[in-house]
Each structure stands twice: as structure tokens, then as C-alpha cells.
Amino acid sequence: MLKSQKAVVIDRLTKEMEGATSVILTDYRGLSTAQMRRLRRELAPLDASFAVTKNTLARIAARNAGKDGLDELLKGPSGVAFCKGDPAAVAKKLSDIARETRILRLRSAWVEGTSLDEEGVKRLATLPPKEQIQANVVGTLAAPLSTFVQLLAAAPRELVVVIDQIIQKKQAEAA
């Protein structure tokens with residue numbers, strides 16, 4: 001590869017890494033061209049892209065993008081998924097494709113400044129989507145408040161029931 005071509009690739013990778021909150025590294029060897037196209041197509045709705053690159057160029061791009069710690073993960077043939085959205089959803093999709101093809105292998109990841117090994121990526125793939133986690137947190141926080149409001153409303157409600165029973169008793173006695 002010519003030096004000018006390398007500069008273009010490094011610039012493209014640097015831009016991808018700067019925009020990514022997470023990077024998932026895979027071993028892609030053995031995937032057909034059609035499988036690679038499908039992989040890229042399925043990652044696109046998740047706000048992620050996939051590239052096969054030389055590790056040396058990826059290391060330079062990682063340093064240029066300020067992604068410290070990523071260059072030590074770049075060993076062996078690397079297929080790189082750049083995640084701009086939810087890394088758990090991208091890891092899950094890659095895991096599903098790996099299970100289907102039995103070729104793709106999740107190797108490691110760099111998620112918001114933290115390095116993950118193969119087991120860490122697999123655990124990341126089992127996490128529920130970000131929106132579901134947020135809904136669970138809101139539900140957990142809202143439950144005690146809801147109970148408190150119900151307790152406050154119970155006293156006046158019981159008072160109304162008692163007054164209604166007294167009125168019905170007096171009407172029954174008068175009749």
C-alpha cells in the first residue's frame with residue numbers, strides 16, 4: 001500500500017474512532033463477501049459501522065483519536081465495529097451473527113475508555129438495551145413514591161367510606 005493510500009485510510013479510521021463511543025474487535029477470517037455485506041447492513045440501524053483494517057494503521061488512528069488503551073487490543077487480523085450508539089446492542093448483534101455463521105469471533109472491546117476481554121464482550125452482549133435499563137431505573141425510583149402517594153390518599157378515602165356508612169345507617173334508622 002502506498003504512503004498516500006495509508007494516509008487516507010488513517011484519516012478515515014481516525015474520523016470513525018473520534019465519532020465512536022465504543023469499539024468492538026472481532027476475528028473475521030473466513031467470512032464471505034456476502035456475509036460481510038450482511039454484517040455491515042445489520043449494524044447500520046444500530047448506528048455502527050464495520051471495517052477490516054491493518055492493525056498498524058488502526059493503532060495510529062487510535063492514537064490520533066485519543067483512544068488510549070485501544071492499540072494494545074489490536075492484535076491479529078482485526079474486524080472493527082465502531083459504535084456510536086448503544087454498545088450492548090451492537091455486541092448482541094455481533095454475537096448473534098457469530099452464532100449463526102460459526103466463523104466470526106468476538107475478541108475484545110474498548111467501551112467508553114474501558115478495555116474488555118472476550119468474556120467481557122460476551123457479558124456486554126447479554127445486557128438489555130439501554131432504554132430498558134433506563135425504564136427499570138425509573139420504575140424502581142417511582143415505586144416508593146407511588147406507594148407514598150397511595151398511603152396519603154388512603155386516609156381521606158377511608159374517611160369518606162366511614163361517613164357514607166354513617167349516613168346510610170342513619171337513613172336506615174329513620175326509615
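Okay, let's start with two helices: H1 and H3 are oblique to each other. This is a predicted model, by the way, so keep that in mind throughout. The angle between H1 and H3, which is residues 55-65, is about 50 degrees, and their axes are 8 Å apart. As for the handedness, H1 and H3 cross in the right-handed sense. If you want to find that contact on screen, look on the H1 side for residues including Val9, Ile10, Leu13 and Met17, and on the H3 side for a set with Leu57, Ile60, Ala61 and Ala65 among them.

Now the sheet. What order do the strands come in? Reading across, it goes S2-S3-S1-S4-S5, an open sheet of 5 strands with antiparallel pairing. S2 and S5 are the edge strands, and each has a single partner, so one side of each has no neighbour in the sheet. From one strand to the next, the twist averages 20 degrees.

S2 pairs with S3 over 6 bridges, antiparallel, and one spot to look at is Ala48, which sits opposite Cys83 in S3. Helix H1, residues 3-19, packs on the sheet here and touches S2 and S3, with its direction at about 150 degrees to that of S2. H2 also packs on the sheet and touches S2 and S3, and for H2 the angle with the direction of S2 is about 145 degrees.

Next along is S1. With S3, which is residues 78-83, S1 makes 5 bridges in the antiparallel sense, and there Ile24 has Ala81 as its bridge partner. With S4, S1 makes 6 bridges, again antiparallel, and Asp27 is across from Arg105.

So is S1 buried or exposed? Of its 6 residues, 6 are buried, so S1 is largely enclosed by the rest of the structure. In a regular strand, side chains alternate between the two faces of the sheet. Here Ser22, Ile24 and Thr26 point one way, Val23, Leu25 and Asp27 point the other way, and all are buried.

Let's move on to H5, residues 118-126. Which residues of H5 are buried? Those are Gly120, Val121, Leu124 and Ala125. They span an arc of only 145 degrees around the axis, which puts them on the same side of H5.

Most residues other than glycine have a negative phi. Asp47 is not a glycine, yet its phi is positive, about 60 degrees. You'll find Asp47 in the loop between helix H2 (33-43) and strand S2 (48-53), and Asp47 is partly exposed, at 41% relative accessible area. Arg102 has a positive phi too, about 60 degrees, and is not a glycine either. Where is Arg102? Look in the loop between H4 and S4. Arg102 counts as exposed, at 74% relative accessibility.

That's my tour, so over to you for questions.

How values were computed. Residues numbered from 1 in each chain as written. Predicted model: local features only at pLDDT ≥ 70, side-chain atom pairs only at ≥ 80, totals over all residues. Heavy atoms only, no water. Buried < 20%, exposed > 50% of the residue type's maximum accessible area, 1.4 Å probe, protein only. Helix = DSSP H or I, 4+ residues; strand = E, 2+ residues; numbered from the N terminus. Arc of directions from axis to C-beta. Pairing = 2+ DSSP bridges. Axes fitted to C-alpha atoms, helices over the stretch in contact; angles between N-to-C directions. Contact = heavy atoms within 4.5 Å. Parallel < 35°, antiparallel > 145°, perpendicular 65-115°, else oblique. Left-handed = near helix turned anticlockwise from the far one by under 90°.
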